[in-house]
Amino acid sequence: MAIYIDDVSRTFGEYLFIPGLTTKHCTPAGVSLKTPLVKYKAADNEASALELNIPFVSAIMQSVSGPELAIELARNGGLSFVFASQSIDTQAEMVRKVKKFKAGFVVSDSNLKPDNTLNDVIDLVNKTGHSTIGITHDGSPNGKLLGLITSRDYRPEKDDPNTKVEEFMTPFKTLITGELGITLTDANQIIWDNKLNTLPIIDANNNLAYFVFRKDYDNHRENPNELSGKDKTLLVGAGINTRDYKERVPALVEAGADVLCIDSSDGYSEWQKETLLWVKKNYADIPTGAGNVVDKEGFDFLANAGADFVKVGIGGGSICITREQKGIGRGQATSLIDVAKARDEYLKTTGYYIPVCSDGGLVHDYHMVLALAMGADFLMMGRYFARFDESPTKKLRIGNNYVKEYWGEGSNRAQNWQRYDTGGAESLKFEEGVDSYVPYAGKLKDNLDITLSKIKATMCSCGAVTIDELQRKAKITLVSSTSIVEGGAHDVILKDQG
């Protein structure tokens with residue numbers, strides 16, 4: 001006879017907060033959303049080696065987590081996991097692109113020789129998207145610096161495309177440069193004092209070492225929550241699967257991935273355990289998360305296998321049809337509550353705190369606060385991020401509305417059978433995800449700022465200014481279907497909002 005679980009499987013939409021005392025120090029400006037990303041020994045008052053400045057990570061999906069979104073999310077305090085359903089080389093290159101974007105001192109990846117032509121310049125700009133080109137004696141990133149080209153040095157529509165670079169570049173003798181070893185603060189001061197956009201950093205032999213860009217300084221001022229490491233590079237994660245991890249992990253580590261996550265619809269499997277054990281044995285310094293699970297047994301299994309964080313959720317995503325296809329899953333709120341309790345018990349027993357990531361089931365912004373209050377340390381979202389300019393998908397016009405494409409990793413379009421750990425070498429026989437559209441919403445930062453404002457305001461109404469305090473103080477109540485209707489606009493005639 002099957003084992004029956006008496007608890008009702010519930011979603012976030014069935015709960016509301018009851019207000020707590022909002023004290024004078026409970027203001028949105030005073031709210032901190034910092035949260036641990038990976039396992040740490042809380043019993044010894046250690047801190048997590050990696051922390052998020054906002055509790056958001058983007059889903060490991062083709063239609064969500066490309067390098068552009070990874071860059072923009074990290075600039076705003078969160079982290080992306082670059083999707084794994086692609087070749088190892090292309091995934092590693094995406095990770096590398098994020099790591100190169102913002103390093104304070106940036107290794108130039110757009111370089112030419114003096115005998116190249118304007119045609120070569122235009123081709124390189126179109127290929128890389130970078131308008132600053134270092135001219136070195138051998139065209140390498142670290143060759144002897146002979147000059148610099150920016151968009152102000154040529155006019156594509158008027159100049160002869162066969163003109164040699166040396167004829168229109170800004171020559172070395174007129175450049176202001178910094179010496180290798182200079183601090184980033186001093187480099188930025190030179191940029192400011194001389195009204196520069198770019199400062200080349202050279203060694204004693206005039207070899208190009210780095211560029212420092214004014215825009216990076218300005219970007220940092222505009223994004224105080226930027227998530228970067230000690231070397232000033234943006235932090236980025238990468239998804240892996242349980243099939244080719246022995247080849248994929250080394251490439252991702254070499255590319256600079258800061259954290260890994262096993263991407264699977266079912267984390268409670270021996271395949272995940274084997275993957276975790278291998279990564280821990282061969283790359284002990286690379287934190288690796290695992291999942292997805294929906295109960296205490298699944299959490300304990302992955303925790304004991306060495307997971308650095310555990311993802312919770314099966315079938316709750318807006319494009320996931322696992323529950324329809326296989327009858328497997330659990331309401332996201334119930335899953336999270338159960339796993340969070342298991343996490344806390346594991347802490348009492350071992351002294352180690354393993355962060356929990358809630359993945360799926362979020363419809364409204366207040367659901368995010370509910371997930372955090374129920375025990376999540378951070379949230380993984382796909383639909384939310386797929387709507388923005390920075391996601392990798394096309395923006396289309398359908399009727400009078402703009403939309404962006406959004407498809408599940410379990411769909412035929414993703415062709416990602418590695419996610420489904422059923423053993424053997426068979427390909428995917430049926431879909432567990434759909435191909436769809438989401439309403440286009442514009443830039444990530446504009447929308448994220450609104451969402452974070454709502455989260456902070458809700459936390460203040462609960463009397464909490466940190467996520468930890470929210471989890472200790474929040475009062476949550478179940479609501480009836482009638483109460484849900486009462487919570488929206490009702491018994492009025494709405495004005496036309498079109």
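User: What stands opposite Gly-147 in β10?
Analyst: Pro-171 does. This is a predicted model: local features need pLDDT of at least 70, side-chain atom pairs count only at pLDDT 80 or more, and totals for chains, interfaces and linings use all residues. Residues are numbered from 1 along each chain as its sequence is written, and side-chain values use heavy atoms, with hydrogens and water left out.

User: What makes β9 and strand β10 a pair?
Analyst: The bridge count does. Two strands pair if DSSP finds at least two bridges between them. β9 and β10 (residues 170–171) have 2 bridges, in the antiparallel sense, so they meet the definition.

User: How many bridges join strand β8 and β9?
Analyst: The pairing of β8 (residues 133–136) with β9 runs over 4 bridges, again antiparallel. Here Gly-134 stands opposite Leu-148 in β9.

User: What makes strand β9 mostly covered?
Analyst: Of the 5 residues of β9 (residues 145–149), 4 are buried. Buried means under 20% relative accessible area, exposed over 50%, and partly exposed in between (1.4 Å probe, protein chains only). The strand itself is a DSSP run: E, at least two residues, while helices are H or I, at least four, all numbered from the N terminus.

User: Why is Thr-150 called buried?
Analyst: Its relative accessible area is 16%. That falls under the cut-off, so Thr-150 is buried. Thr-150 sits in the loop between β9 and α4 (165–168).

User: What is Thr-150 in contact with, leaving aside its neighbours within four places in sequence?
Analyst: Ser-131 and Thr-132. Contact means heavy atoms within 4.5 Å.

User: Which residues that line the largest pocket are the closest to its centre?
Analyst: The pocket holds about 1200 Å³ of space. His-130, Ser-131, Thr-132, Phe-213 and Lys-215 are the closest to its centre, out of 39 lining residues. The elements giving two or more residues to the lining are α1 (67–75), α2 (88–101), α3 (118–128), β12 (198–202), β13 (208–213) and α6 (214–222). α2 supplies the largest share, 5 residues.

User: How do you know that something is a pocket, and not a cavity?
Analyst: Both are sets of points on a 1 Å grid over the protein atoms alone. In a cavity a 1.4 Å probe fits but cannot get out; a pocket is an open set with protein on both sides within 12 Å along at least five of seven lines. Lining residues have an atom within 4 Å of a point.

User: How do the residues of the lining of the largest pocket divide?
Analyst: There are 13 nonpolar, 14 polar and 12 charged residues. Ala, Val, Leu, Ile, Met, Phe, Trp, Tyr, Cys and Pro count as nonpolar, Asp, Glu, Lys and Arg as charged, and the others, Gly among them, as polar.

User: Why is Asn-206 counted as partly exposed or otherwise?
Analyst: Its relative accessibility is 29%. Asn-206 lies in the loop between β12 and β13. Its phi is positive, near 65°, in a residue other than glycine.

User: Why is helix α12 described as largely enclosed?
Analyst: 8 of its 9 residues (365–373) are buried, so the rest of the structure largely encloses α12. Among them are Asp-365, His-367 and Met-368. After α12 comes Gly-375, with a positive phi near 125°.

User: Why does Val-465 count as buried?
Analyst: Val-465 has 11% relative accessibility. That is under the cut-off, so it is buried. Val-465 lies in the loop between α14 (444–461) and α15 (467–473). Beyond residues up to four places away in sequence, Val-465 touches His-25, Cys-26, Gly-30, Val-31, Ser-32 and Met-459. Ser-32 is 433 residues away in sequence, yet 6.1 Å away C-alpha to C-alpha.

How values were computed
Points joined across faces, edges and corners; volume = space filled by probe spheres on them.
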